[in-house]
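I opened my notebook to look through one protein model, step by step.

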Amino acid sequence: MDLEEALQVVGEFGPYQKRAVAVLLLTQLYMACQSMLIVLIGSTPPYRIEQQDEAPSTQQELIQRITFTEDTDSIVTEWFLIKQHAYKVSLAGSLFFVGLLVGNVFFGPLSDKIGRRPVYLTGLFLEVVFGYVTAFAPSYEVFAGSRLLVGLMNGGIGLVCFVLTQEYVGKSYWAMTGTLASMAFAIGIALFGALGYFIQPWRSLATAANSLGVLFFLLSYNLPESPRWLYCQGQTQQAEEVLRYMAQQNGNAAPNLMLQRVVTSKVGVPDNKGTGVMQLVIHPVLRIRTMVLMYVWYACSLVYYGLTLGASETSGSRYVNVAMYGLVELPAYPLCIYFINKHWAGRRKSMASFLCLAGSACLCTMLIPESTGLSVTLLALMGKLMVSAAFNIAYVYTSELYPTVIRNAGLGVCSMSCRVGGIIAPFVPSMRALHTSMPFTVFCLSGLSAGCLGLLLPETLDKPSAETLEELSYPTYSRVLESKALLREDD
């Protein structure tokens, strides 16, 4: 039997898979806390500078004249990151996203080569270690360096963690597990806001948030290797052992479970055509898909983080704001589950529609006077709701568009373009200097253009999942544009 038939016998989403996925979802909570850490520990309270006849000649003299008027403990108050040093707070946040970018590119192909489990466990362990370096950093330089390394591990294990939630279960549950992973991240943001309210000293908050990773690492240690990865690597016997163990834990004894043996070409090492990331460039179908998906992920990230940064400037408690902009994402996920499984919507049309709606919400903000602040805020929240839905679908959709043998490499490259959008997003609000509506114009055009480009991709709803590169040449897996690319390649 093939892998999908074996999972039918084992149980596509039995009790064991539910426990394994639950552990991976808890890891998403930890990663969300690390992603949002700088928002709270990098807050700048009001301050005043004692005026004297002579201007301060050194940084030490300036520090002696500064008085913070609010009882806040943050990296700003500890290292006096104000005036000409204020950029260091944003720099630490940018370094985290740089780490995410590099981690996505490096860990994706690595986990395709050596396995999901060792990469996931090693990355989670190192993220916890570097997280404690953040909490106990003796200087800003050590703190900033640790944020880069935490981002590196966060980006890598986030990708592998998502892939594992997909590959432990049957294909019919991919959309649901992908949605649950995104929901867990949003809940993690909200919980971090609550944690910050009760634990306000920045070192204590960083330590508490990071200590969650220790618990989740211990829970993750006994997770098995992905049976899909083992099967696609030709390790059929090991894949059978994992599936039999899952079946036993699910109460579906399958001692005679036997997978179809595959030859080397089946496991995805095509001769003289390159492997991993190079296949995304060389293969005609993958080249088109990757170009479109990279722009879609970039636009999703730009709009998502851009709207988040703009909304976080609203008045009120920063802890409530962090929680609110996490919770506002939750309604997006039931919408995803409903639409992407309907034949008249599917993955492709749903993702494109949500992106266009996000762009339209940004367009509407430009038509409303700035004096009506509440309406602008509601539209911005609506835009984030829509782009969160599109982002969630993009994860699931991208997983289904890439064959198993290079799924992590494809997700890694797409996530890389996503992080580029995250790095650029903080600079978009500064375009208000040109015109007050310029930031929302950028978000609007990004959402609308990405939605239109997404329609070029094939629908994957109720279609078989490609395991190898050779299967992409079958008409079942491609659209007309991709079929033409294959014909040109054959000529």
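Below are my entries, from the whole chain down to single residues.

**Ground rules**

I am working with a predicted model, where local features need pLDDT of at least 70 and side-chain atom pairs count only at pLDDT 80 or more, while totals for chains, interfaces and linings use all residues. Residues are numbered from 1 along each chain as its sequence is written, and side-chain values use heavy atoms, with hydrogens and water left out.

**Entry 1: the whole chain**

I looked up the secondary structure and found 20 helices and two strands in the protein chain. Helices (H or I, at least four residues) and strands (E, at least two) are DSSP runs, numbered from the N terminus.

How much of the protein chain is buried? Buried residues make up 55% of its 491 residues. Here buried means under 20% relative accessible area, exposed means over 50%, and partly exposed is in between (1.4 Å probe, protein chains only).

Next I checked contacts, meaning heavy atoms within 4.5 Å. Taking contacts between residues at least 6 apart in sequence, 79% join residues at least 24 apart.

The protein chain exposes about 20700 Å², and carbon and sulfur atoms supply 64% of that. Accessible areas come from the Shrake-Rupley method with a 1.4 Å probe; for residues, only the protein chains shown count as cover.

**Entry 2: a nonpolar patch**

Which residues make the nonpolar surface patch of about 310 Å²? I noted Val98, Val102, Phe106 and Leu148. Patches are made of residues with over 30% relative accessible area and no salt bridge; like charges are joined within 9 Å, and nonpolar side chains (Val, Leu, Ile, Met, Phe, Trp, Tyr) within 5 Å. Helix α5 (residues 87-114) gives the patch its largest share, three residues. Val98 is found in helix α5, and Val98 counts as partly exposed because its relative accessibility is 33%.

**Entry 3: α5 and its surroundings**

I followed α5 to helix α18 (residues 407-424): the two pack at an angle of about 175°, with their axes 7 Å apart. That makes α5 roughly antiparallel to α18. Axes are lines fitted to C-alpha atoms, for helices over the stretch in contact, and angles run from 0 to 180 degrees between N-to-C directions. Angles under 35 degrees count as roughly parallel, over 145 as roughly antiparallel, 65 to 115 as roughly perpendicular and the rest as oblique.

The residues of α5 that meet α18 include Phe97, Val98 and Leu101, and those on the α18 side include Met416, Arg419 and Val420.

Is Gly99, another entry on my list, buried or exposed? Gly99 is buried, with a relative accessible area of 0%, and Gly99 is found in helix α5. The C-alpha atoms of Gly99 and Arg419 are separated by 9.1 Å, although the two residues are 320 apart along the chain. Leaving aside its neighbours within four places in sequence, Gly99 is in contact with Leu148, Gly151 and Leu152.

I also stopped at Phe80, found in the loop between α4 (75-79) and α5. Phe80 has a positive phi of about 50° although it is not a glycine. Phe80 is buried, at 18% relative accessible area.

**Entry 4: α15 and α16**

The axes of helix α15 (residues 332-340) and helix α16 (residues 346-367) come within 8 Å and cross at roughly 140°, so α15 and α16 are oblique to each other. Leu335, Phe339 and Ile340 in α15 meet Gly346, Arg347, Ser350 and Phe354 in α16.

**Entry 5: salt bridges**

How many salt bridges does a search of the whole structure find? I noted seven. A salt bridge is a side-chain nitrogen of Lys or Arg within 4 Å of a carboxyl oxygen of Asp or Glu.

Arg116 forms one with Asp112, the closest N and O atoms being 2.6 Å apart. Arg116 and Asp112 are both buried.

The side chains of Arg116 and Glu167 also meet in a salt bridge (2.8 Å, N to O). This pair links distant parts of the chain: Arg116 is in helix α6 (residues 116-135), and Glu167 is in helix α7 (residues 140-167), 51 residues apart. Arg116 has a relative accessible area of 0%, and Glu167 is buried at 0% too.

Glu240 forms a salt bridge with Arg244, with 3.6 Å between the closest N and O atoms. Both lie in helix α11 (residues 236-250), four residues apart, about one turn of the helix. Glu240 is buried at 3%, whereas Arg244 is partly exposed at 24%.
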